[in-house]
Amino acid sequence: MLPAVEFRDVCYEIDGRPILRNLNLAVTPGETLVLLGRSGSGKTTALRMVNALLYPTTGEVLVNGVATTAQDPVQLRRRIGYVIQEGGLFPHRDVASNIGLVPRLQNWPPGKIDERVRELLDAIGLPAADYLHRSPRNLSGGQRQRIGVARALAADASVLLFDEPFGALDPITRLELQNLFLSLRDRLHKSALFVTHDVAEALVIGTRIALLDAGRLAWIGPARDFRRADTPQAREFLACIRILETDDSKPAA
């Protein structure tokens, strides 16, 4: 089966400084591949290559079997859902306009756009009657992030990109949105690339985990196998889990 996204010997440099080094990985249809790594490991750089915000110095990135360098970048981005922290909403547009942005650019009929917006608001648990015409400034952080997810899904993109989308949220809201993501993923069978530096989130969200270190692939495999990974970089992240579990087991003072 053709990968939804594939990196082939991808290197990326800035002023001669290597950011990605011979990166090879693929996202299979319907899976969520988590890019896990410390700050500066190259995970967001890799993500931004999928929608042609960056191009490889050498190697190639393919989306649905076609190299990004061979595709119109504007059209490519309209076929890919992209979610960042705080949702990246346009503050001067209401919720309906934000969600319907890409379908409008693709010249969907107004009635079909309205139907799609309402359908997605229902899917993310924000009733259209209450939220359709709200301004982003009148939404909580969690609500803005839900709208960001809805906007990424609006044009029925086959590939979704998530750049640490829940990192700025409080723990309870973060858990709620992780559960929402999992529910939508299982229902819609989308292929997703999800960037995080939070190993606990990676274990919850990922079908597979690709651990990056200094631009190199340090480990890749099913999320359920990560706790048994024996590379030095994986052990550093696993130590964080053990510290959290130890703290949770201590009696309250």
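Select F181 to begin: at 6% relative accessibility it counts as buried, where buried means under 20% relative accessible area, exposed over 50% and partly exposed in between, computed with a 1.4 Å probe on protein chains only. The model is predicted: local features need pLDDT of at least 70 and side-chain atom pairs count only at pLDDT 80 or more, while totals for chains, interfaces and linings use all residues. Residues are numbered from 1 along each chain as its sequence is written, and side-chain values use heavy atoms, with hydrogens and water left out.

F181 lies in helix α8 (residues 171-188) and F194 in strand β8 (residues 191-196), so the pair ties together parts that are 13 residues apart in sequence. Helices (H or I, at least four residues) and strands (E, at least two) are DSSP runs, numbered from the N terminus. Both F181 and F194 are buried.

The structure holds five aromatic pairs. Select F162 next: F162 and F181 are also edge-to-face, at 5.0 Å centre to centre and 90° between the planes. F162 lies in strand β7 (residues 159-163), so its pair with F181 links parts 19 residues apart in sequence. F162 is buried, with a relative accessible area of 2%.

**R174**

Remain in helix α8 and select R174, which is buried at 16% relative accessibility. Which side chain makes a polar contact with the side chain of R174? It is that of D198, at 3.4 Å; a polar contact is a pair of N or O atoms within 3.5 Å, and within protein one must be able to donate a hydrogen and the other to accept it, with residues adjacent in sequence counted only if both atoms are side-chain atoms. Not counting residues up to four places away in sequence, R174 touches F166, G167, L169, T196, D198 and E201, contact meaning heavy atoms within 4.5 Å.

**Charges over rings**

Select W108 and K112: K112 lies over the face of W108, 4.3 Å from the ring centre. Then select Y131 and R134, where the charged end of R134 sits over the ring of Y131, 4.2 Å from its centre. A charge sits over a ring if NZ of Lys or CZ of Arg is within 6 Å of the ring centre and within 35 degrees of the ring normal.

**The open sheet**

Move to the four strands that form an open antiparallel sheet in the order β2-β1-β4-β5; two strands pair if DSSP finds at least two bridges between them. The edge strands, each pairing on one side only, are β2 (17-27) and β5 (66-67). Strand β1 (residues 5-14) and β2 pair over seven bridges. In this pairing, V5 stands opposite V27 and E6 opposite A26. The two strands form a hairpin with two residues between them, and D15 in the turn has a positive phi of about 50°.

**D72**

Finally, select D72 in the loop between β5 and α2 (73-78). D72 is partly exposed, with a relative accessible area of 44%. Its side chain reaches the backbone nitrogen of V74 at 3.0 Å. D72 and A52 are 20 residues apart in sequence and 9.0 Å apart in space, C-alpha to C-alpha.

Key:
Rings of Phe, Tyr and Trp (its six-membered ring) pair if their centres lie within 6.5 Å; planes under 30 degrees apart count as stacked, over 60 as edge-to-face and the rest as tilted.
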